[in-house]
Amino acid sequence: MENTEHTYRQKTPKSAKIFARSQKLHVNGVHHNIRFFEPYPFVTRAASGKFLIDVDSNIYVDYWMGHWSLILGHAAAGVYESVREQLKQGWMYGTVNEQTMELSEKIASAVPVAEKIRYVTSGTEATMYAVRLARTVTGRKIVAKIDGGWHGYTSDLLKTVNWPFSKSESRGLTDEKHIISLPYNDVEGSIEILKKARKDLAAVIIEPMLGGGGCIPARKDYLKAVQDYAKDNGAIFVLDEIVTGFRFRYGCMYATMGLDPDIVTLGKIVGGGFPIGVICAKDEIFKYADTKKFPKEGRAYIGGGTFSANPMSMTAGSRTLEILKRKKSVYSKLESLGRKTRNALTKVFDGKVVVTGMGSLFMTHFVADGTAEVQSAADAARCDTHLLQQFHFEMIAKDGIFFLPGKLGAFSNAHTDDDVKSLTTSAEKFRQSL
């Protein structure tokens, strides 16, 4: 690692100087905790297609892809032109705009639960409002989430995100008693916990794939069992598809799993790389946010924010969805790249890793003590996360391949089979060094 760090420092002197300036003005030098990595993150100057270019002119093949939001690639053709034309007309109105309707019509046609839609500017806001809506509808307080489930920084859901799950995530939280946590992919364990909160249970919120918790798909039987329990006991079933929505197909993941959520949250891809969060819900649920129908004491006060439904995000999102719908081959291409990569990494490391994910998403877990499966965030946390970060940093420093160290990888339409070969070669070199 000393040799790798030396190589990295030699290649990134301008980044080192700029980041030193950033640390003087910004907490940890960053504006999202996970963007920091040792000894310092490189500073990006530009991005195009599958590439990031830093201020020292190093070029990296990117697998972080804007927090997995750029399914078509950086500055993708089509999206770029549409955004440029919108920029000429203005980038912030603060009023109703037609671009909003165009994006909403596309979402509603692909996501049946989206009988009503409200835009915000982040996934955190979307899940925050989803919880508020569920509590209003039910008149209850308790919300159930998953161990390792990440729904943004909202205080309503900031619990059991990072291992060990028994410890509080933040000293500043005041309402943790109204958040309960369920073991992922464990039907019996989850139902047992839900039973204890049955009369006070307002909502269950689940990601159909744990993104930050290990890139682990939920089992269909698990999601169905938790959904049925929630609905049978008067609670709202919320699916957080901010990562998975429009990632594997044109629409949401839930439609392939026999589920009927009450609320779905979206983000990332539907903004085309611009700030967005979306709350989608059935009419019978969203009517509680109608300020014309309900007085203060009976409504869910759901805002949006200064930049909600801004014409830039609406334009980029609408154009992205238009391209995805027209070019259905994008999804088959991305699935192929992901499958080949998962198979290749599994073969290269020969029993030393479990590679999780599906479609275009993948994550390598260096297992210990004979672990054969990674089915939950707890399983992922027991793997050698330090070795995974080392693996990713080696690729950054020596191979021009960027993963945010320790996080999952995402293919975009800009990637090709040659990238699978390059990843495999890097993995083989790292395997030989172990």
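Helices (H or I, at least four residues) and strands (E, at least two) are DSSP runs numbered from the N terminus, and two strands pair if DSSP finds at least two bridges between them. Strand β3, residues 59–62, runs parallel to β15 and is joined to β15 by 2 bridges. Within that pair, Asp62 has Phe402 of β15 as its bridge partner.

A word on conventions. Residues are numbered from 1 along each chain as its sequence is written, and side-chain values use heavy atoms, with hydrogens and water left out. Because the model is predicted, local features need pLDDT of at least 70 and side-chain atom pairs count only at pLDDT 80 or more, while totals for chains, interfaces and linings use all residues.

Is β5 mostly covered or mostly open? It is mostly covered, as 5 of its 5 residues are buried; buried means under 20% relative accessible area, exposed over 50%, and partly exposed in between, with a 1.4 Å probe and protein chains only. On one side lie Ile142, Ala144 and Ile146, on the other Val143 and Lys145, and all are buried. Strand β5 runs parallel to β7 (residues 201–206), with 3 bridges, and parallel to β6 (residues 179–182), with 4 bridges. Ile142 stands opposite Leu201 in β7, whereas Ile146 stands opposite Leu182 in β6.

Helix α6 covers residues 123–138, and its 16 residues reach 23 Å from first C-alpha to last, close to the expected 22 Å; the expected span is 1.5 Å times one less than the number of residues. Among the buried residues of α6 are Tyr129, Ala130, Leu133 and Ala134. Just after α6, Gly139 takes a positive phi of about 70 degrees.

Helix α11, residues 329–349, has 21 residues; its end C-alpha atoms are 31 Å apart, which agrees with the 30 Å it should span. Its buried residues include Leu334, Leu337, Gly338, Thr341 and Leu345. What covers them? The cover includes α10, β13 (353–358), β14 (361–366), α13 (385–399) and α14 (417–433). Just after α11, Asp350 takes a positive phi of about 45 degrees.

Helix α10, residues 311–326, holds Ser318. This serine is buried, with a relative accessible area of 7%. Which residues does Ser318 contact, leaving aside neighbours within four places in sequence? They are Glu102, Leu103 and Lys106, where contact means heavy atoms within 4.5 Å.

Finally, a pair of helices. The axes of α7 (residues 187–196) and α8 (residues 220–232) come within 10 Å and cross at roughly 15 degrees. Axes are lines fitted to C-alpha atoms, for helices over the stretch in contact, and angles run from 0 to 180 degrees between N-to-C directions. The two helices are therefore roughly parallel to each other; that term applies to angles under 35 degrees, with over 145 counted as roughly antiparallel, 65 to 115 as roughly perpendicular and the rest as oblique. The contact is made by Val187, Ser190, Ile191, Leu194 and Lys195 of α7 together with Asp221, Tyr222, Ala225, Val226 and Tyr229 of α8.
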